[in-house]
Amino acid sequence: MAINYQERIPNNVDLGSNRTLQRALEHWQPEFLNWWQDMGPTDFQARDVYLRTATSVDAKGWATYGHVRMPEYRWGIFLADRNPDRKVGFGDEFGKDVWQQVPGEHRSTLRRLIVTQGDTEPASVEQQRLLGHTAPSLYDLRNLFQVNVEEGRHLWAMVYLLHAYFGRDGREEAEELLQRHSGDSDKPRILGTFNEPISDWLSFFMFTYFTDRDGKYQLKSLAESSFDPLARTCQFMLTEEAHHMFVGDTGIARVVRRTIEVMKEIGSDDPEAVRRAGAVDLPTLQKYINFWFSSALDLFGADQSSNAASYFANGLKGRPDEASYEDHIARDQTYDLEVPDGQGGVRLDQIPLRNAMNEVSRASYVKDCEIGVVRWNRLLQKAGYDHRLVLPSPRFRRTIGSWANVPTDTTGKPISAAEFAARQGEWLPTDQDRGFIASLMKGVYEPGKMAGWIAPPDRGINAQPVDYEYVRGN
Ligand code: BYC
């Protein structure tokens, strides 16, 4: 039976009138659903989940709530409204008309950027597929699935661009997006972090706080693109991304709150005592921050990058919030970059600003990450504890860029490889730490009940109470 695409795939790209695109999607959609069944959340596909679905881009339609089974979620295709006066906002073509089609000379580069972005979306769903079994509450279970279906929608967004603008190559790339898998030794996902398993909920909250925030900054950069359909797609994706970071930010805050409660109850902040009482001790929380923050920093690419310089020069990828800068050409400016001097010290290099664009984005990202840390620390301060959580230095544990494989401590001081090896258990989760966190992970599925290691949220979703039955059925 023919599928009514206007109905099946909510969209604002007039899918119904584009036969070629419809045919391409008719071919891809069943493959996507197979992938969702095989690689998406395990065992919860028949449950009714209280999900937000975008049915249009306006304020009324972009967040429609109701109980749905995940395989019946309506993965839609939405681009922010077109601004007919939009001009190229940066680089050598500054001020010219933006492009509605892909210029031949930028075709392979744009395809690669879109494929890299698209690859992360299903990767994250694969990484999180087992988490439903250990959800700390129905509220959290629902949030996990919300994040998962929206990452699925973000994949649709990139696949739409590949199908609509890149012809046969685009269709092939769209298929490969379903063939690479997170952690697969033959066909891994493209970027490092997306091959790290996320097997516990503390990692999930870290991932949605740190890694999804990289997503925010990359999408902001692509939302500046002169290729207008890409820019408009990313602008709309950013509205959904906000909830993912909210899940991470409030998730970590709830862990801190519960830890404080337990420390008060037992009258001790001794990490072993906190663990015995079933909460996450603060040093372990810090190690998870160190791990996921350093991993996310690599996602911005190298700090000196000729790729980044040419993306900027050619108008393909701008700086996040490009409008907030004064000079959008950035041809003659320089950037002071701290690099290792090769003798255990640090040297300041002045490099062309365009080559430092990845670093410029990374610096904005780091500032944004600080905001949550300040909030978590305020909870500790208010409760009368001196312990503070911190972001490690951006030089710590890097595998991309000038600091790649340069051993440092968490303050960024270069140290010997031997010292790093000897001390990494102080800074990064050990097998024993991971084992302890794993031991806390037990599914809690009674409405309103919470696992003992996490405090309840302040409020429910879409003005529903916290004890609402967010996920129903067996
Ligand atoms: N892992 O010149 P460079 C999200 C490669 S997250 C592996 O700096 P460039 C989400 C690089 O490909 C956002 N390889 O590269 C979050 C290059 O290879 P070639 C995802 C890496 O191109 C949570 C070489 O190293 N979006 O949305 O300037 C849940 C030299 O590096 C990595 C995007 O990433 C790495 N980490 O920068 C769900 C946006 N880093 O050319 C979703 C699109 C670098 O020598 N992607 N390499 O073979 C890009 O803009 C760029 O590809 C990157 C890399 C910023 C990632």
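1. Arg354 is buried, with a relative accessible area of 11%. Buried means under 20% relative accessible area, exposed over 50%, and partly exposed in between, for a 1.4 Å probe and protein chains only. Arg354 sits in the loop between strand S4 (346–352) and helix H11. Helices (H or I, at least four residues) and strands (E, at least two) are DSSP runs, numbered from the N terminus. Leaving out residues up to four places away in sequence, Arg354 touches Gly91, Asp92, Ser305, Ala308, Ala309, Phe312, Ala313, Ile329, Ala330 and Arg331. Contact means heavy atoms within 4.5 Å.

2. The model is predicted: local features need pLDDT of at least 70, side-chain atom pairs count only at pLDDT 80 or more, and totals for chains, interfaces and linings use all residues. Residues are numbered from 1 along each chain as its sequence is written, and side-chain values use heavy atoms, with hydrogens and water left out.

3. How many salt bridges does the structure hold? There are 35. A salt bridge is a side-chain nitrogen of Lys or Arg within 4 Å of a carboxyl oxygen of Asp or Glu.

4. Helix H12 (residues 417–427) holds both Arg423 and Glu419, four residues apart, about one turn of the helix. Their side chains meet in a salt bridge (2.9 Å, N to O). Arg423 also meets Glu426 in a salt bridge (3.1 Å, N to O). Arg423 counts as partly exposed at 28% relative accessibility. Glu419 is partly exposed at 29%, and Glu426 is partly exposed at 48%.

5. The largest pocket has a volume of about 800 Å³. A pocket is an open set of points on a 1 Å grid over the protein atoms alone, where a 1.4 Å probe fits, with protein on both sides within 12 Å along at least five of seven lines; lining residues have an atom within 4 Å of a point. The volume is the space filled by probe spheres set on the points, which are joined across faces, edges and corners. The lining has 39 residues, and Thr116, Leu191, Gln218, Leu299 and Gly301 lie nearest the centre.

6. The second largest pocket has a volume of about 320 Å³. Helix H7 gives the largest share of its lining, six residues.
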